[in-house]
Amino acid sequence: MTTKTKELNGSQQADWNAVGGLIPGRETIGPLFLILSTPIFSFIIIHVVMNVPEASFTVFLSDLLDDPDGMIAGLCSIIPPPTDPEALRIVACFMAFQLVLQKYMPGEDFVATVTPAGNRPVYKANGMASFVCTLFATLLLHAFDLYDITKVYDKFPEIISTLNVFALMLCALLVWKGRVAPSSTDCGTNANWIVDYYWGVELHPRVLGWDVKMFTNCRFGMMFWAVAPICFAAKNIQVNGGNLQFGMFVNVVLQLIYIFKFFHWEMGYMCSMDIQHDRAGYYLCWGCLVWVPTIYTSQSFYLAEHCPDLPFMTNLIIFVAGCLMVYINYEADNQRAVFRSSGGKCLIWGKVPDKIVAEYQTGSNEMKKSLLLVGGWWSVSRHFHYIPEILASLCWSLPAWNSAFVAPYFYTTYLTILLIDRSYRDDDRCAKKYGTYWSEYRSRVPSKIIPGIL
Ligand code: NDP
């Protein structure tokens with residue numbers, strides 16, 4: 001681990017740029033626009049889901065345009081102060097609990113795959129134990145009346161306000177730390193504060209022994225995504241005379257299965273594009289500290305007070321379809337993980353899969369080899385697993401059947417755009433990394449996501 005910010009050589013800079021998706025001439029404008037607009041959007045979505053009839057964006061927009069005090073005043077009125085004592089307590093306790101679990105929950109050391117600068121970060125594999133412990137703690141608080149978890153619903157706008165301030169300050173600290181005292185050689189500045197703020201400076205920063213991205217992405221973002229819907233379900237019970245509506249149940253349980261799958265695979269995630277290539281900046285850290293808690297939980301937030309009573313069979317079909325989609329997504333990720341960890345010596349769909357032995361050069365000019373799977377779901381298309389990922393999210397949104405379309409389905413819409421963009425980014429990155437080997441994979445598996453279409 002070095003303590004000096006490194007100037008990037010040509011191929012490393014190309015890798016950073018590919019990862020960041022920088023376009024000459026637009027490097028500053030795009031990030032600046034997103035830094036200014038996305039926090040406001042996080043408040044808009046909460047306001048629309050909580051206060052606007054049928055969670056309709058069109059009603060919200062026409063109200064905003066007709067606001068007698070003007071649009072700016074209208075927007076400001078939906079942003080709560082970040083200093084609400086209850087919200088501060090909830091955020092501080094949850095973060096402290098997760099930090100303690102991250103560091104002290106027993107788990108084996110896991111050595112991740114090689115980063116662009118040739119490092120192999122080590123993580124503590126205690127995600128599943130922390131997840132189970134967090135769910136138990138939440139249910140115990142509720143069952144023994146130790147804390148009224150419906151407050152997470154009531155104070156949700158204030159919680160998101162607090163998180164916004166925390167995340168914006170953390171991202172500034174990360175730029176400063178990355179420039180002054182980086183944790184490893186996986187770092188590099190773009191010599192532009194806004195770009196550095198947005199894309200980050202370091203790949204895997206550590207503070208006092210805590211890995212920052214493991215905290216923001218997994219232990220806060222994903223964990224909050226599990227806990228918030230449970231709190232919203234408690235609200236649903238409260239407003240429905242002590243009964244949990246089946247649609248809310250379907251919504252929450254499908255997400256918990258999905259997040260269980262995530263923590264089962266957490267060390268695989270620590271080798272994924274988010275961790276191995278996207279740096280710790282606004283895009284990732286604000287995204288996991290604010291965007292995930294707001295957008296990913298938005299259907300549950302909507303359903304807490306607006307869950308329609310769909311026929312039992314409809315909800316059951318949605319539930320079974322959702323489980324199937326989560327399973328297929330898991331199976332695809334798992335095929336790749338098993339294939340790589342066994343060096344290709346495994347059976348996939350009953351036969352030894354085809355493979356490409358791809359060579360590549362790291363930032364420190366070392367030659368390495370990777371195996372590319374050309375079997376199972378990875379022979380159907382190059383990112384087939386994105387289809388069940390999107391459909392699973394649609395399934396846990398569908399209990400909001402009667403809503404005015406946009407808000408409770410916003411996550412699915414956003415996810416579709418995100419994953420299509422990701423498939424292009426990943427393809428570019430792999431083409432740069434593997435060269436002719438990736439061209440061979442492309443010719444053997446021509447479709448990016450949907451066979452024959454995209
Ligand atoms: P990953 O980084 O895990 O996967 C892409 C990487 O996999 C490539 O960069 C390459 O990495 C490797 N790879 C690509 N093709 C092959 C192959 N044929 N054989 C072996 N390795 C290959 O990110 P994903 O986009 O796959 O995401 C992982 C999971 O997270 C998925 O289930 C996805 O749906 C989910 N996800 C969810 C999101 C959400 O917001 N809900 C957002 C993004 C993802 P290498 O350099 O190692 O070769």
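This is a tutorial dialogue on how to read a few features of the structure shown above.

Me: What should I know about the model and its numbering before I start?

Reply: This is a predicted model, in which local features need pLDDT of at least 70 and side-chain atom pairs count only at pLDDT 80 or more, while totals for chains, interfaces and linings use all residues. Residues are numbered from 1 along each chain as its sequence is written, and side-chain values use heavy atoms, with hydrogens and water left out.

Me: Which residues come nearest to the ligand?

Reply: A residue is near a molecule if one of its heavy atoms lies within 4 Å of it. Here 28 residues are around the ligand, and those that come nearest are Asp333, Tyr386, Asp426, Arg429 and Tyr434.

Me: How much of the ligand's accessible area does the protein cover?

Reply: Accessible areas come from the Shrake-Rupley method with a 1.4 Å probe, and for residues only the protein chains shown count as cover. On its own the ligand has 920 Å² of accessible area, and the protein covers 91% of it.

Me: Which elements give two or more residues to the shell around the ligand?

Reply: Helices (H or I, at least four residues) and strands (E, at least two) are DSSP runs, numbered from the N terminus. The elements that give two or more residues to the shell are α16 (312–341), β6 (367–374), α17 (386–397), α18 (410–434) and α19 (436–444), and α18 gives the most, with 10 residues.

Me: How many residues of each class does the shell have, and why does the ligand lie between the two domains?

Reply: For the classes, Ala, Val, Leu, Ile, Met, Phe, Trp, Tyr, Cys and Pro count as nonpolar, Asp, Glu, Lys and Arg as charged, and the others, Gly among them, as polar. By that scheme the shell has 17 nonpolar, three polar and eight charged residues. Domain bounds come from an automatic or database domain assignment, and because domain 1 (1–307) and domain 2 (311–454) both give residues to the shell, the ligand lies between them.

Me: Is Lys432 buried or exposed, and what about Val374?

Reply: Buried means under 20% relative accessible area, exposed over 50%, and partly exposed in between (1.4 Å probe, protein chains only). Lys432, which lies in helix α18, counts as exposed because its relative accessibility is 56%. Val374 lies in strand β6 and is buried, with a relative accessible area of 10%. The C-alpha atoms of Val374 and Tyr441 are separated by 7.5 Å, although these residues are 67 residues apart along the chain.

Me: How many residues of helix α15 are buried?

Reply: In α15 (residues 298–306), seven of the nine residues are buried, so this helix is largely enclosed by the rest of the structure. The buried residues are Ser298, Gln299, Ser300, Phe301, Tyr302, Leu303 and Ala304.

Me: What span does helix α16 reach?

Reply: The expected span of a helix is 1.5 Å times one less than its number of residues. With 30 residues, α16 reaches 43 Å from its first C-alpha to its last, close to the 44 Å expected at 1.5 Å a residue. Gly343 follows α16 and has a positive phi, near 65°.
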